[in-house]
Amino acid sequence: MRPFQYETAASAEEAVALLSRSEEAMYLGGGTNLVDLMRLGVATPDLLVDVSRLPLDRIEETPAGGMRIGAAVRNSDLAADELVRSRYPVLAEALLNGASGQLRNLATVGGNLLQRTRCVYFQDATKPCNKREPGSGCPAREGEHRNLAVLGWSESCVATHPSDMAVALVALDAIVHVEGPSGARPVPLTEFHRLPGDEPQRDTVLERGDLVTAVEVPALSARSAYRKVRERASFAFAVVSVAAALDLENGFVREVRLALGGVAHKPWRATTAEETLRGEPASEASFARAAEAELAQAKPLRDNGYKIPLARNLIVRALSELAEGS
């Protein structure tokens, strides 16, 4: 591991100022992803600015009936919070399905949103990877890609975003609050992560020095749930996951929100499926048509086409379960 300096920040403003000292400085939250990448030689910061102790560890109800989550809130605390469990079960379920208790006790909300891909080529510093070294190539396209993207990938990168929590928050229309050199600004979570395009090294729209300070979730009246398929029963990254919220009126879909994980470079908001479903009967046939409309744009690689029927069936299952409970 490359030697580095370590600083703690007492405020978001101080953290932003400290990071400006070096082009290779990085923020440190829970460290469950960054420290692993440093050990592998993938991340090589010369300065770590510890933001885990900032006064950003509160979960508060907003006047409009939503929720504001500080970026330093631990995943375990968020999953156990009564407000989250009662109003946003999709978020609590995503967190509990995302990692072991030990990791949830360390991981922070901000760090979870910013975790890097688990693509084997990205994590192996001896292999080419456009995300790690732009222009070096993407061996995953012809190599090991069974668990990689079927939606939104580019010739430069076929990696997937690993977060479960982010998929739920995308379905909830969450807003990310950012503090940066130019001041504070909100970013809709649907626009926060990027598709790879020709700049796969950029996971998000954050600029140099930007710090996530909070995530705001609007009020939700619909029933919600998170469903995940993984390759083993113990904690593993999603092969495919679905975050769903469904509101019915007289057996018809009044409102629906869907997001997919494990299928793209970012949490994938299934807007085509949502538009297809609104006003339709809450039936398995309607849910299947909506899923097929969304997945019609998928471009499977040689070994991951199985994700398409898997995603279709998981969408139908999640929505059917919500409809039966309404």
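Colleague: Among contacts between residues at least 6 apart in sequence, what share joins residues at least 24 apart?

Modeller: In this protein chain, 63% of those contacts do, where a contact is heavy atoms within 4.5 Å. Keep in mind that this is a predicted model, where local features need pLDDT of at least 70, side-chain atom pairs count only at pLDDT 80 or more, and totals for chains, interfaces and linings use all residues. Residues are numbered from 1 along each chain as its sequence is written, and side-chain values use heavy atoms, with hydrogens and water left out.

Colleague: Why is lysine 228 called buried?

Modeller: Buried means under 20% relative accessible area (1.4 Å probe, protein chains only). Lysine 228 comes in at 15%, so it counts as buried. Across the 326 residues of the chain, 52% get that label.

Colleague: What makes the link between the side chains of lysine 228 and aspartate 164 a polar contact?

Modeller: A polar contact needs a pair of N or O atoms within 3.5 Å, one able to donate a hydrogen and the other to accept it. The pair joining lysine 228 and aspartate 164 sits at 3.1 Å, so it passes the 3.5 Å cut-off. Lysine 228 also has a polar side-chain atom 2.8 Å from the backbone oxygen of asparagine 97.

Colleague: What else is lysine 228 in contact with, leaving aside neighbours within four places in sequence?

Modeller: Its partners include Gly98, Ala236, Phe237, Val240 and Leu314.

Colleague: Which residues does leucine 91 touch, not counting those up to four places away?

Modeller: Among them are Met67, Ile69, Leu78, Met165 and Leu172.

Conventions. Buried means under 20% relative accessible area, exposed over 50%, partly exposed in between (1.4 Å probe, protein chains only).
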